[in-house]
Amino acid sequence: MSNITETKHQKLPREQITPEYIAKIRAIRRERHEREQRESELKQLRTKYFIKRPILYIPNRRTICDRPLIDVKIMTYNTLAQTLIRRTTFPDADEAIKWHNRSKVLMREIKFYHSDILCLQEVDKVQWERFWVDALAEVDYKGEFFTYPGKVHGVAIVWNTKVFDENPTSVIPITLDRIKAGGEIPPTTRTRSVVLIVALKFKSTDPHNSSDKPNGVIVATTHLFWHLFGTFERTRQCYIIMDKLNQVRNELRASGICNHWYTFLMGDFNSQPCDPPYLSITDKPVELNGRSKAIIECSASYQYSKRRNGELSESSTSSSSSEGEEEEEEEEEEEEDAVEGTAADDQPTDPRPHTYNATPEQTAMVENIISLHNGMPLKAISLYGVGYGLVHPENSNFETRNGEPEISHKSTHWEGLLDYMFVIKSWNPVVTTSSPETIDTVEKDCHLYIKGYLQMPLSKDMPDHVEPHTGEYPSDHLAMMCEVSLEM
């Protein structure tokens, strides 16, 4: 009987089916069941793993402040909309690309870093209600979501209700296509890009003192126009965002609700640190020269398709997922046309030329938007750009990257930095020169202290395949996070 093995439909003489034989068969079946269960559990665990990155704290920095300080962790994260996923775009993703797996990894990652303010982009509209709201509430988060009507994904701002009041002071959704920059520069095409602004008040330091007015935080997040030739439009959108932030800051200051409002802008800007959208809000006064000037003038010359330009009426745009997906596919096809040079003969085919012979009209378009930016009384300071070199110099000393890390996004066709975290400060438009920002001047002007950064990998440290991938990253973008101390 020692050589007995289980065989399906095994027929034995009745006299051989002894209690010992039955016990042996049951033991074999139990062992097989336990082995299969272990394998299933391991598979489930593997889908929940992600690459954990440390927070790199700035060494030997002391905060000299006579006011109370509160530590706040702020994160931005493009989570990759499930509605945009195509197997051809993520050929190695396997099980990691499925939402029931990926959602668990995303949430575990968010819990692990446990930021106090979280800005999300590419959040599926249907999953916001079905998944995110309840999953975030389980760990004391509350959030606001906004998207363009009919679009299948949008942006969200989430906050820790143990740090901030559960109900925001203000929630301001903005559709960028419906606003003329400076009241005069209309959108160059229909982008369906949005901005969400939320004003959050810190929980009172003394609930028994009605005169106590803790500071507040204004948070804005966006996902700018994605198109390869969209540099001019993204620069236009940046002005609208800064202009709206200026209005919100002034209104909240006048309300007297808080003593001081910190202002942060985060998101996926679909631009590199040497590009006009980034430079238009960080370099004051803005002076575009060389390649950056050529890129935006080339962008101003690009003619978008009739459908994208709005000849498909707004009323025909349904909120259904199918039509939303069709529009996303149209964007992908249009991008491929631009890359392959299949556009009309008079269209530019290189979105990043070193030189460009612009017409007087195109030059005037660029000069007008830059003039608006130079009249804006706000300036954006990149939190990573101003201090990441102190903790990770190997990943911040790249030419034309303004101190920013090398990458935040990797796809089959491109990798680089698209995501940013900005703190906003006042700037005097009358000033004709501007000295370079340092971490000391930023901390002094913004009344905050930068403690550390979530480590960003170098390109050479990234896996060879595209993310998401089991046990690595759940999105094709990397989360960015900065820990700051704010004066209270």
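Modeller: Start with the pairing rule. Rings of Phe, Tyr and Trp (its six-membered ring) pair if their centres lie within 6.5 Å; planes under 30 degrees apart count as stacked, over 60 as edge-to-face and the rest as tilted. Here, Phe225, Trp226, Phe229, Tyr302 and Tyr304 form one aromatic cluster. This is a predicted model: local features need pLDDT of at least 70, side-chain atom pairs count only at pLDDT 80 or more, and totals for chains, interfaces and linings use all residues. Residues are numbered from 1 along each chain as its sequence is written, and side-chain values use heavy atoms, leaving out hydrogens and water.

Colleague: How many aromatic pairs does the rule give?

Modeller: The count is 20 aromatic pairs. Among them, Trp99 and Phe131 are edge-to-face, at 5.5 Å centre to centre and 85 degrees between the planes. Trp99 lies in helix H2 (residues 99-113) and Phe131 in helix H3 (residues 125-137), so the pair ties together parts 32 residues apart in sequence. Helices here are DSSP runs (H or I, at least four residues), numbered from the N terminus.

Colleague: Is Trp99 buried or exposed?

Modeller: Buried means under 20% relative accessible area, exposed over 50%, partly exposed in between (1.4 Å probe, protein chains only). Trp99 is buried at 15%. Phe131 is buried too, at 18%.

Colleague: Which charge lies over the face of Phe112?

Modeller: A charge sits over a ring if NZ of Lys or CZ of Arg is within 6 Å of the ring centre and within 35 degrees of the ring normal. Lys52 lies over Phe112, 5.5 Å from the ring centre. Phe112 is partly exposed, at 42%. Likewise, the charged end of Arg401 sits over Phe398, 5.5 Å from the ring centre.

Technical notes: Helix = DSSP H or I, 4+ residues; strand = E, 2+ residues; numbered from the N terminus.
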